[in-house]
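Here is a friendly note to read alongside the picture. Keep the model open and look up each residue as it comes along.

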Amino acid sequence: MYTSPEFVRRRASNSKSLPSLLFDLKLSVQHLPFTLEPFFIMHYLLSLSSFVSAVLAASRTSAPSGAITVGSGGTYSTIQAAINSLSTTSTTAQSLFILAGTYTEQVIIPSRAAALTIYGYTTDTTAYYENVVNIEHSSSLLSGAASDEATGTVQNLAANTKFYNINIKNTYGQGSQAIALAAYNTEQGYYGVGLYGYQDTLLAQTGNQVYGACYIEGAVDFIFGQHARVWIDSSDIRVSGVGAITANGRASSTDVSYYVINKSSVAGTSGTAAGTGTNYLGRPWSEYARVCFQNTVLSDIINGAGWEVWSTTTSNTEDVTFQEYGNTGAGASGTRASFSTALSSAITISTILGSTYTSWVDTSYLA
């Protein structure tokens, strides 16, 4: 079906989310009533994406009521100082509003009793494109961090938290494990968030977590963890070097861990070292690894096998669950690894996060 501007306008008036509309655009190009050269396809997508963004964009340039402000002219100059000012025992919901700027610091959010929402200043709340709040820190195991998780630029140990329109970066670069976000609790939601690293960018370790309309960049095992149930939706996964995207370390056949990447896109960064067929959807950190990519656009950087073993000496493939459904793009074709599975239907979000997920997930960021 051809997606016209008028179609987009009607969908927008019906309050369809931007992530869902943009995913519709990707699919519609495959069914145009005429043939387009790649350049024009890209121009088509960019033009329509810009149009949709303009239609649906909303700004957040002032602090929501009751929010503590951080930054130039705010109550606190650092994010950690604002976090430290919050009660960990109060059950009243709290929030922070971070003004535009780059915050060079490591942020640790302790376990707490109340819900916490952290907003970033932006002129477009619908996704990460206009993010102007950056949290940056350089740390790695090689540079002396006590553990992998201790390298995290943001270490979130609190349940019931939401992040909006903030970029989180570990600027160490390649050569060692260096986490941008270490997510260690349940009912954590990240919306329009940018996560930047090289190896081990996102540690999704425990609890139920959702990432909507996000940007996740890395090269080696850059979405990893052991016990979390993770739903990544309407997000752009970008690869800057050769390696595997996911490294799930589910500990046993009874562990609940499950990573699902839904209606997203996978491609190289503009200056990527990855080439055609050099990257994989995942490799098993443990033999019980469980990951699914579904209804996602895969570029040609994905190898035809789709998935790879952990190493040449330790395959870890005896009991893995590596799944795909409905993926498109050049990277979706090829003879897949014998230890992977093609599903007959898509996995639902309630299967991963439970039937009550709408009580804590901001569904406006999902397709």
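1. Which residues does Thr102 touch, not counting residues up to four places away in sequence? With contact meaning heavy atoms within 4.5 Å, Thr102 touches Asn134 and Glu136. Thr102 sits in strand 3 (residues 101–104). At 49% relative accessibility, Thr102 counts as partly exposed. For such labels, buried means under 20% relative accessible area, exposed means over 50%, and partly exposed is in between (1.4 Å probe, protein chains only).

2. A word on what you are looking at. This is a predicted model, in which local features need pLDDT of at least 70 and side-chain atom pairs count only at pLDDT 80 or more, while totals for chains, interfaces and linings use all residues. Residues are numbered from 1 along each chain as its sequence is written, and side-chain values use heavy atoms, with hydrogens and water left out. Helices (H or I, at least four residues) and strands (E, at least two) are DSSP runs, numbered from the N terminus.

3. Seven strands form it, in the order 4-7-10-13-16-19-22, with parallel pairing; two strands pair if DSSP finds at least two bridges between them. At the edges are strand 4 (107–109) and strand 22 (280–282), each of which pairs on one side only. From one strand to the next, the twist averages 15°, where axes are lines fitted to C-alpha atoms (for helices, over the stretch in contact) and angles run from 0 to 180 degrees between N-to-C directions. Inside this order, strand 13 (residues 202–204) and strand 16 (residues 223–225) run parallel and are joined by two bridges. Leu203 stands opposite Phe224 there.

4. Strand 20 (residues 258–262) is worth a stop. Are its residues buried or exposed? Five of its five residues are buried. Tyr258, Val260 and Asn262 point one way from the strand, and Tyr259 and Ile261 point the other way. Strand 20 pairs in the parallel sense with strand 17 (residues 229–233) over five bridges, and Trp231 has Val260 as its bridge partner. Strand 20 also pairs in the parallel sense with strand 23 (residues 290–294), this time over four bridges. In that pairing, Ile261 stands opposite Phe293.

5. Next, the nonpolar cores. A nonpolar core is a set of buried Ala, Val, Leu, Ile, Met, Phe, Trp, Tyr and Cys residues joined through side-chain atoms within 4.5 Å. The largest one has 54 residues, and those touching the most other members are Ile83, Ile118, Phe163, Tyr211, Ile223, Ile245 and Phe293. Its largest share, three residues, comes from helix 4 (residues 79–85). Leaving out residues up to four places away in sequence, Ile83 touches Leu96, Val107, Ile108, Ile109, Pro110, Leu116 and Ile118. Another core, of 21 residues, lies apart from it, and Trp231, Val260, Cys292 and Ile347 are among its members. In soluble globular proteins, nonpolar side chains tend to be buried together.

6. How many salt bridges does the structure hold? There are four, a salt bridge being a side-chain nitrogen of Lys or Arg within 4 Å of a carboxyl oxygen of Asp or Glu. One of them joins Lys169 and Glu136, with the closest N and O atoms 4.0 Å apart. Lys169 belongs to strand 9 (residues 167–170) and Glu136 to strand 6 (residues 133–137), 33 residues apart. Glu136 is partly exposed, with a relative accessible area of 21%. Arg238 and Asp236 form another salt bridge, at 3.7 Å from N to O, and both residues are buried.

7. Asp221 lies in the loop between strand 15 (215–218) and strand 16, and Arg283 in the loop between strand 22 and strand 23, so the pair ties together parts that are 62 residues apart in sequence. Asp221 is buried at 5% relative accessibility, and Arg283 is buried too, with a relative accessible area of 18%. Not counting residues up to four places away in sequence, Asp221 touches Asp200, Ala244, Ile245, Thr246, Ala247, Arg283 and Trp310. UniProt, in an unreviewed entry, places the feature "active site" at Asp221; UniProt positions are given in the numbering used here, feature names are shortened, and annotations may be inferred rather than shown by experiment.
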